[in-house]
Amino acid sequence: MDQARYEEAVEKSLCSYGNNYRLKTILEKTQKKEITIAFLGGSVTQGWDGEKILTQSYSVLLHRYLCNKYPMLKINYVNMALASENSFLGLSITDKYITGINPDIVIVEYAVNNECGSDHITAYESLIRRLLDLPQSPAVISVFMINSSFYTCQAYMKKVGENYDLPMVSVADSLKMLLDSDEIQWNLYSPDFAHPSIWGHRFIADCMINLFEKISQSEPDISCSEWKPLYGVDYSDYCALDPERTKIKLVGFEPVKGIEQFDNALATTKNVSGGAVIRFEASFRHLFIAYMHDREVRYADAQVFVDNTLVDELQGSSVYGWNNPVIKKVCSFSSCENHIVELRVKNKKLIFIAAEFGLCQ
């Protein structure tokens, strides 16, 4: 592929400038000397190439470009991406970490890991809205990836982006154009079904850099911070249950460390007589549970009861798992009320790890 066609593909990725007020203010008109750019996404944004995390991932390359373009600013880099992370996990990470660092720019990438059902759509819009409403008023940028089966959730994500007037980049559109015209083969971009190669990360970075270049050359927009929900923002107040502030009864469970980005995980103990139980009382409208799952049979299943009624069953074994955390909404109510929650594990031969309980009011 010649350079002209490469540049055309990069241009193709630009979906929308969006409202540039926040981004131009942060990068060009701020009186601050130090800002932070944060990345939320899955393994692509984490930098995974199928075997290892690359030192020259697209996020690193974009950060380097920004540091060179704006030398008057100290630009801190925070990457909170995680393999298999979708917008549900993004809400959890935002609640626990992103709100604490108060970033100035947030890159959001979930088009491959999200699903197209209503819960995932609501979770994505809720995340975007929560980020926009942070006290720092960060610039939020959406980037859309694709896998080898051409799966992407960018259709509804673009509509959310249009609703909030976000800058948006579609690597999916550019790749599909090049693949459909047989100008590249998938294995140039990725050695497997989704994870970019060194060339792939360079291409993504160039698509992102193109957006920043175009915005830097554009006239500033007027500030806009009044939006109406498109699909719904019911999960925007997602909050991880704090075990230090909530009385939790544990039978056959104990705290466990080492679960990535989950500091308060609970795991079943060995040699428990009878079943293992987690029990607590809390007020919520929506209840989420994060837990570990794997395609191998290593994790037990669990039943979830709310007010003594079985509301869901969590499967420790899943064809989609690779020893990673997943978040599931287990029940919803029409209004926020007080409930008693019990998680029960009967299988004493397998471990069950509850990484987090999430609540929305």
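Me: Which residues of helix 4 are buried?
Reply: This is a predicted model. In helix 4, the buried residues are Tyr-58, Ser-59, Leu-61, Leu-62, His-63, Tyr-65 and Leu-66.

Me: What covers the buried residues of helix 4?
Reply: The cover includes strand 2 (34-41), strand 3 (74-79), strand 4 (105-109) and strand 5 (139-144). Helix 3 (43-46) and helix 10 (198-217) are also among the covering elements.

Me: How far apart are the end C-alpha atoms of helix 4?
Reply: They are 16 Å apart. Helix 4 has 12 residues, 58-69, and at 1.5 Å a residue it should span 16 Å, so the two agree.

Me: Switching to Ser-43. Where is Ser-43 found?
Reply: Ser-43 is in helix 3.

Me: Buried or exposed?
Reply: Buried. Its relative accessibility is 9%, and the cut-off for buried is under 20%.

Me: Which side chain does Ser-43 join in a polar contact?
Reply: That of His-195, at 2.9 Å.

Me: What else is Ser-43 in contact with, leaving aside neighbours within four places in sequence?
Reply: Besides His-195, Ser-43 touches Trp-48, Leu-82, Ala-83, Ser-84 and Asn-113.

Me: New topic, helix 6 and helix 7. At what angle do the axes cross?
Reply: Roughly 30 degrees, and the axes come within 10 Å. Helix 6 covers residues 118-132 and helix 7 covers 154-163.

Me: Roughly parallel or roughly antiparallel?
Reply: Roughly parallel, because the angle is under 35 degrees.

Me: Left-handed or right-handed crossing?
Reply: Helix 6 passes helix 7 in a right-handed crossing.

Me: Which residues meet there?
Reply: From helix 6, His-120, Ile-121, Tyr-124, Glu-125 and Ile-128. They meet Tyr-156, Met-157, Val-160 and Asn-163 of helix 7.

Methods: Residues are numbered from 1 along each chain as its sequence is written. This is a predicted model: local features need pLDDT of at least 70, side-chain atom pairs count only at pLDDT 80 or more; totals for chains, interfaces and linings use all residues. Side-chain values use heavy atoms; hydrogens and water are left out. Helices (H or I, at least four residues) and strands (E, at least two) are DSSP runs, numbered from the N terminus. The expected span of a helix is 1.5 Å times one less than its number of residues. Buried means under 20% relative accessible area, exposed over 50%, partly exposed in between (1.4 Å probe, protein chains only). Contact means heavy atoms within 4.5 Å. A polar contact is a pair of N or O atoms within 3.5 Å; within protein, one must be able to donate a hydrogen and the other to accept it, and residues adjacent in sequence count only if both atoms are side-chain atoms. Axes are lines fitted to C-alpha atoms, for helices over the stretch in contact, and angles run from 0 to 180 degrees between N-to-C directions. Angles under 35 degrees count as roughly parallel, over 145 as roughly antiparallel, 65 to 115 as roughly perpendicular and the rest as oblique. A crossing is left-handed if the near helix is turned anticlockwise from the far one by less than a right angle, and right-handed if clockwise.
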